[in-house]
There are 2 protein chains.
Amino acid sequence: MRKIGKDEIENIALGAAVLGTGGGGDPYVGKLMAQLAVEKYGPVTLLSPEEVDDDAWVVSISGMGAPSVTVEKVPSTNEITGTFEAIQKYAGKDFAAVYPYEVGGLNSLIPIVLGALKGIPVVDVDGMGRAFPEVQMVTFCLDGLQSAPMAMSDDKGNSLILNGIDSVWNERIGRQALDVMGGSVTVCDFMMQGRDLKRAGIHGTLTLAENIGKTIHEVRHVGENPVQALVKKLGGVHLFSGKVTHLERRTTEGVAKGEVKLDGIDQYLGQTARLDFKNEFLIATVGEEVVATTPDLISVLDFETGLPITTEGLRYGNRIAVIGLSCNEKWRTEKGIETVGPRYFGYDLDYRPLKGETGA
Amino acid sequence: MRKIGKDEIENIALGAAVLGTGGGGDPYVGKLMAQLAVEKYGPVTLLSPEEVDDDAWVVSISGMGAPSVTVEKVPSTNEITGTFEAIQKYAGKDFAAVYPYEVGGLNSLIPIVLGALKGIPVVDVDGMGRAFPEVQMVTFCLDGLQSAPMAMSDDKGNSLILNGIDSVWNERIGRQALDVMGGSVTVCDFMMQGRDLKRAGIHGTLTLAENIGKTIHEVRHVGENPVQALVKKLGGVHLFSGKVTHLERRTTEGVAKGEVKLDGIDQYLGQTARLDFKNEFLIATVGEEVVATTPDLISVLDFETGLPITTEGLRYGNRIAVIGLSCNEKWRTEKGIETVGPRYFGYDLDYRPLKGETGA
């Protein structure tokens, strides 16, 4: 158990943008909201999963919608507390803590905002260890847990409780509904007891995000090459450095899909690369060779500063470094690959472990 | 208080198709379901609104979706009881009775099916006195009552509880969601207490449907011209008789929109007419003159038999009679016309009372 204040939030936001692998929503506004909330209501208690009672009930809170929308339309505090109160009322539970559904991007910070507003602890755990675009793409589902009942609220005060027959149906119906709810909503789902969270969640991911953020800050101050330093510290792989020569992005059916083409710079001069994304970066190809695929993490950093860049933030002409990080082992199972591997996203290729992986 | 058995259901279904003004779903399969249910579980108790205690809670049950879909995909008994149990559980109420949200079409029969399955009474009331395509198009809304909480379930077992900020938002979100739920769902909404139902509902409409059905059956047996006999008995207006020469129908955004063109027959020989519909027939034009507009009822009957024909059942070459019936006075108020008048449906014309109205 420890306290999360303004500095911790600063680092978590930065690290969450790396773990967001281009998606999960820009953490910037979430960071400001979380910092404002702890300033006003005091630091938030962070519990390790082991500190949650086996019988205690917890619930996740997150934003849902295309990042292209959430970057401009962030959830209000009323929307956040309203969604939590809706699930509380529906389930008739007194939740002992909240937790992030995904640690990548904006969704790492929404639980901290709620924790501050409601004075309840946040658990250092998530269901992805990164960001993914769909409801059922969490390790909880690999373990047979379900998202229902799923509360959804929008900025206007509309709310609904979804009881789909499984998490894929909650994704389908929820995604369809949010289209008329302004393109983004706040969601509370995957309510479960402590014992299930411990078994099915990925532990310590808020702390991981914080450490990544801290590393980026530190290397910037000591004048090291931030990309090399970060890759070394995280046990990741430097996949490519290049300049954005082509960028295609379509926001459709509640997600942002597209591709990025790169001309190599620095040690990659003369080579080309391509990144495919659907909210998150999913495939990295250097020349003709696929060097990284989902569910491994493909993150884009600014070539000079090492600061993460989202698929929304990317611009023509950006000089970027592409790094790869190994996903959590739960994703490398047959069911994991089936749920979030390249074929699920419509790419005609099999998952292949990160090229040059060191086994961080 | 009286009992509804197989014969009553036969007549209600026929009359409901007339009041359905082309929409509301074909009552045929609903009739078979209701008859099967009363055969198995015994007749259903029909209460007049006055027989419902002021403090007792009641709720409506109906199908929602384009008639083009419901004609092939009718709700199962599991879907019907499941939706009712969902609203019961969510609201924590023990409902004293159920009632039809709209008397026109299939939705007059769903409450009877539920009443038989659950052994609870049905109230002789509805919120339209006809059929309309959208959630908020009920006299309850003219009186400030709301549809929320609105339970929706599909055939697969998916269900949701909608708490839109008003009935228009429940319509918008629900309509959007049902698109991925197979195009049609069962809905329980407008839960209210007896005193509100008495004040805001249209009384005696199931009995009205039954009487219309009885009349059609009777006149067919005595060999009268069924259209003339029906118009006379109902105090309606015979607007046109003609042959369908053009029929255009598009199912889009969960509703069926289109138009019908007619060449006059019998006393209308040499004239032409046109009907515009959006699930229901909304505008009738003879030559250049608009002779009937929503919210007055425009019903299409088979020219020979007097049997009602839905917008879905209509075919090129059909010989039909078009009749007009005055709507309930609640719809002729400013707010009523705003809610369901021609301009709401996108027609550039004002409401005009039925041509040749006798004031039935």
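Visitor: Is Asp350(A) buried, partly exposed or exposed?
Guide: Buried means under 20% relative accessible area, exposed means over 50%, and partly exposed lies in between, with a 1.4 Å probe and protein chains only. Asp350(A) is partly exposed, because its relative accessible area is 47%. Before we go on, please keep in mind that this is a predicted model, in which local features need pLDDT of at least 70 and side-chain atom pairs count only at pLDDT 80 or more, while totals for chains, interfaces and linings use all residues. Residues are numbered from 1 along each chain as its sequence is written, chains are lettered from A and ligands numbered from 1 in the order in which they are written, and side-chain values use heavy atoms, with hydrogens and water left out.

Visitor: With which residue does Asp350(A) form a salt bridge?
Guide: A salt bridge here is a side-chain nitrogen of Lys or Arg within 4 Å of a carboxyl oxygen of Asp or Glu. Asp350(A) pairs in this way with Arg343(A), their closest N and O atoms being 3.0 Å apart, and Arg343(A) is itself partly exposed, with a relative accessible area of 46%. In chain B, Asp350(B) and Arg343(B) also form a salt bridge, with 3.0 Å between the closest N and O atoms.

Visitor: How many salt bridges does the structure hold over all chains, and which residues are linked in a network?
Guide: Over all chains there are 46 salt bridges. A network of them links Glu259(A), Lys261(A), Arg274(A) and Asp276(A). Within that group, Glu259(A) and Arg274(A) meet at 3.0 Å, N to O, and this pair links distant parts of the chain, since Glu259(A) belongs to strand β12 (residues 255-264) of chain A and Arg274(A) to strand β13 (residues 272-278) of chain A, 15 residues apart. Glu259(A) is buried at a relative accessible area of 14%, whereas Arg274(A), at 29%, counts as partly exposed. The helices (H or I, at least four residues) and strands (E, at least two) that I name are DSSP runs, numbered from the N terminus.

Visitor: Where does Ile80(A) lie, and what does this residue touch?
Guide: Contact means heavy atoms within 4.5 Å. Ile80(A) is in helix α4 (residues 77-91) of chain A, and is buried, with a relative accessible area of 0%. Leaving aside residues up to four places away in sequence, Ile80(A) touches Met33(A), Ile61(A), Pro75(A), Ile110(A), Val113(A), Leu114(A) and Thr186(A). For Ile80(A) and Ile61(A), which are 19 residues apart along the chain, the C-alpha atoms are separated by 8.0 Å.

Visitor: What span should the 15 residues of α4(A) have?
Guide: The expected span of a helix is 1.5 Å times one less than its number of residues. For the 15 residues of α4(A) this gives 21 Å, and the end C-alpha atoms are 21 Å apart, which agrees. Just after α4(A) comes Gly92(A), with a positive phi of about 65 degrees.

Visitor: What area is buried between domain 1 of chain A and domain 2 of chain A?
Guide: The size of an interface is often given as the accessible area lost when the parts come together. Buried area here is the accessible area (1.4 Å probe) that two parts lose on being put together, summed over both. The domain bounds, which come from an automatic or database domain assignment, are 2-203 for domain 1 and 226-340 for domain 2 of chain A. The contact takes 33 residues from domain 1 of chain A and 31 residues from domain 2 of chain A. About 2500 Å² is buried between these two domains, 65% of it from carbon and sulfur atoms.
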